[in-house]
Amino acid sequence: MSLDKHFTPKNFSDKVALGFTKFLRFLADTFFKKRYGHRAVVLETVAAVPGMVAGMLLHLKSLRKMQDDRGWIKILLDEAENERMHLMTFIHIAKPTLIERIIIMIAQFIFIITYAIIFIASQRTAHRIVGYFEEEAVRSYTEYLNELEMGKIKNISAPEIAINYWNLPLNATLKDVVKVIRDDEAGHRDVNHSFADIINSKIKPKSETNKNKEQIKDSQTLKENN
Ligand SMILES: [Fe+2]
Ligand SMILES: [Fe+2]
């Protein structure tokens with residue numbers, strides 16, 4: 001799995017997703033600076049939201065339309081569970097401050113509503129956003145890893161919960177944990193970008209067929225007028 005993959009925005013929906021992500025990245029960078037442990041705790045509380053919201057909305061849609069979900073619901077709910085395990089791990093590494101706890105509560109409230117609205121308005125944009133979020137997550141965990149490798153952050157032993165969840169050796173360290181988490185993020189990135197691609201490929205032919213229909217109509221009117 002390639003770590004520093006970037007999906008180049010191809011249309012308006014992709015550009016909105018990238019702009020939204022860059023804006024949030026800027027906020028996170030300004031607030032956390034190099035406090036990677038705290039950054040991980042706070043951002044993982046947000047990262048576990050989209051999978052659950054998207055999974056729930058697709059579940060309801062599947063019921064409503066009595067249509068198969070092509071296995072997407074399970075993938076999204078698994079993503080949410082995996083992100084929650086990242087949080088359960090990092091809470092053993094950094095304890096959030098009072099202000100961070102308040103931010104977490106406000107952020108959850110705002111993010112559930114915002115993400116649900118985006119998903120209902122454009123499922124394609126919603127998956128693309130997560131794709132871009134995860135690109136940033138991979139980048140941040142690489143920076144975290146660099147700090148650990150340079151000895152700027154103490155490479156403590158891995159929390160037991162992480163050793164059990166990822167089947168790590170008993171002498172695993174924080175570095176090993178950050179590496180497996182980064183792999184998870186790269187996985188979510190690829191899944192969500194490909195979900196957006198699949199939806200995109202379905203939207204495209206439709207607009208192209210509409211264009212073709214319009215062209216046929218135009219040529220017919222031309223003929224009739226002649
Ligand atoms: Fe995560
Ligand atoms: Fe993530």
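Guide: Helices are DSSP runs of H or I with at least four residues, strands are runs of E with at least two, and both are numbered from the N terminus. This is a predicted model, where local features need pLDDT of at least 70 and side-chain atom pairs count only at pLDDT 80 or more, while totals for chains, interfaces and linings use all residues. Residues are numbered from 1 along each chain as its sequence is written, and chains are lettered from A and ligands numbered from 1 in the order in which they are written.

Visitor: At what angle do H2 and H5 pack?

Guide: Axes are lines fitted to C-alpha atoms, for helices over the stretch in contact, and angles run from 0 to 180 degrees between N-to-C directions. H2 covers residues 36–65 and H5 residues 123–149, with the axes 11 Å apart. The angle is about 160°.

Visitor: So is H2 roughly parallel or roughly antiparallel to H5?

Guide: Under 35 degrees counts as roughly parallel, over 145 as roughly antiparallel, 65 to 115 as roughly perpendicular, and the rest as oblique. H2 and H5 pack at about 160°. That makes the pair roughly antiparallel.

Visitor: Which residues in H5 does H2 meet?

Guide: Two residues are in contact if their C-beta atoms, placed from the backbone, lie within 7 Å. From H2 come Tyr36, Arg39, Ala47, Pro50 and Ala54. Their partners in H5 are Ala126, Val130, Ala137, Ser140, Tyr144 and Glu147.

Visitor: Is Arg128 buried or exposed?

Guide: A residue is buried with 20 or more other C-beta atoms within 10 Å of its own, exposed with 12 or fewer, and partly exposed in between; C-beta atoms are placed from the backbone. Arg128 is found in H5, and it touches residues including Ser13, Asp14 and His193. Because it has 31 other C-beta atoms within 10 Å, Arg128 is buried.

Visitor: And how about Ala80: partly exposed or buried?

Guide: Ala80 lies in H3, residues 72–90. Leaving aside neighbours within four places in sequence, its contacts are Ala48, Gly51, Met52 and Gly55. With 19 other C-beta atoms within 10 Å, Ala80 is partly exposed.

Visitor: What percentage of the residues in the chain are buried?

Guide: The chain has 226 residues, and its C-alpha atoms fill a box of roughly 80 × 35 × 35 Å along the principal axes. The buried residues make up 29%.
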